[in-house]
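Subject: Structure for your review

Dear colleague,

Please find below the structure I am handing over to you. My findings follow it, beginning with a helix packing and ending with the chain as a whole.

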Amino acid sequence: MLIDLFTNINASVIENYMYIIWIGVFIIALIIELVTTELVSIWFSGSAFVTALLSFIPGLPFWGEILIFVGLSAIFLFALRPLTKKYFTRNKIKSNVDELIGQRVILTKDITLEEYGETKIHGNFWRCESLNKGETIEKGEEVQIVSIDGNKLVVKVIKEEK
């Protein structure tokens, strides 16, 4: 019964309304990109916009529009996305503080629920907090720096394998 419905639909009727579908795809992809900001769905949005314009060409079948959309999306996604990502990340400045991540250090002050711990790196004292909130780590314990949160090091206890 469902197959009969699709076989009775005239292809020219579908082609008359394809621009509405492409505008819908354009808007949905644009909204998704605004929410995620990962530079993925913006390429589908661009492809849908171009395909919506091409849908006004008389005689262009709807399956041709779908092929154009898929082809443009692939080209935009795999050719332009890497270039755009590189352009947006070129001004990222790495500091020497980033080199601290992954290092192992010895605590010079306990980490408790109420107080930050402390460690000394290259002659400078750093405040430390535990990766596992609420975990107490004692002075003299060897920890690994997991990340940096403002002016605090986020550390975790190094579990020795036996």
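In H4, the residues Trp-43, Phe-44, Gly-46, Ser-47, Ala-48, Val-50, Thr-51 and Leu-54 meet a set in H5 made up of Glu-65, Ile-68, Phe-69, Leu-72, Ser-73, Phe-76, Leu-77, Leu-80, Arg-81 and Thr-84. By class, the residues of this contact comprise 11 nonpolar, five polar and two charged. Please note that the model is a predicted one.

Two packed helices are described by the angle between their axes and by the distance between those axes. Here, helix H4 (residues 41-54) packs against helix H5 (residues 62-89) at an angle of about 145°, and the axes are 8 Å apart. The crossing of H4 and H5 is right-handed.

Strand E5 (residues 152-157) is largely enclosed by the rest of the structure, because five of its six residues are buried. E5 runs parallel to E3, to which four bridges join it. With strand E4 (residues 142-149), E5 pairs in the antiparallel sense, over six bridges. E4 and E5 form a hairpin with two residues between them, and Gly-150 in the turn has a positive phi of about 70°.

Which residue of E5 stands opposite Ser-130? That residue is Val-155. Val-155 is also the bridge partner of Ile-145.

I would also draw your attention to Glu-129, which lies in strand E3 (residues 124-130). Is Glu-129 buried or exposed? Its relative accessibility is 12%, and because buried means under 20%, Glu-129 counts as buried. The side chain of Glu-129 is joined to that of Lys-133 by a polar contact of 3.5 Å. Leaving aside residues up to four places away in sequence, Glu-129 touches Ile-111, Tyr-116, Asp-149, Lys-152, Leu-153, Val-154 and Val-155.

Finally, some remarks on the whole chain. There are five helices and five strands, and along the sequence they follow the pattern α-α-α-α-α-β-β-β-β-β. Of the 162 residues in the chain, 27% are buried. Among contacts in the chain with a separation of 6 or more, 53% are between residues 24 or more positions apart.

With kind regards

How values were computed
Residues are numbered from 1 along each chain as its sequence is written. This is a predicted model: local features need pLDDT of at least 70, side-chain atom pairs count only at pLDDT 80 or more; totals for chains, interfaces and linings use all residues. Side-chain values use heavy atoms; hydrogens and water are left out. Buried means under 20% relative accessible area, exposed over 50%, partly exposed in between (1.4 Å probe, protein chains only). A polar contact is a pair of N or O atoms within 3.5 Å; within protein, one must be able to donate a hydrogen and the other to accept it, and residues adjacent in sequence count only if both atoms are side-chain atoms. Contact means heavy atoms within 4.5 Å. Two strands pair if DSSP finds at least two bridges between them. Axes are lines fitted to C-alpha atoms, for helices over the stretch in contact, and angles run from 0 to 180 degrees between N-to-C directions. A crossing is left-handed if the near helix is turned anticlockwise from the far one by less than a right angle, and right-handed if clockwise. Ala, Val, Leu, Ile, Met, Phe, Trp, Tyr, Cys and Pro count as nonpolar, Asp, Glu, Lys and Arg as charged, and the others, Gly among them, as polar.
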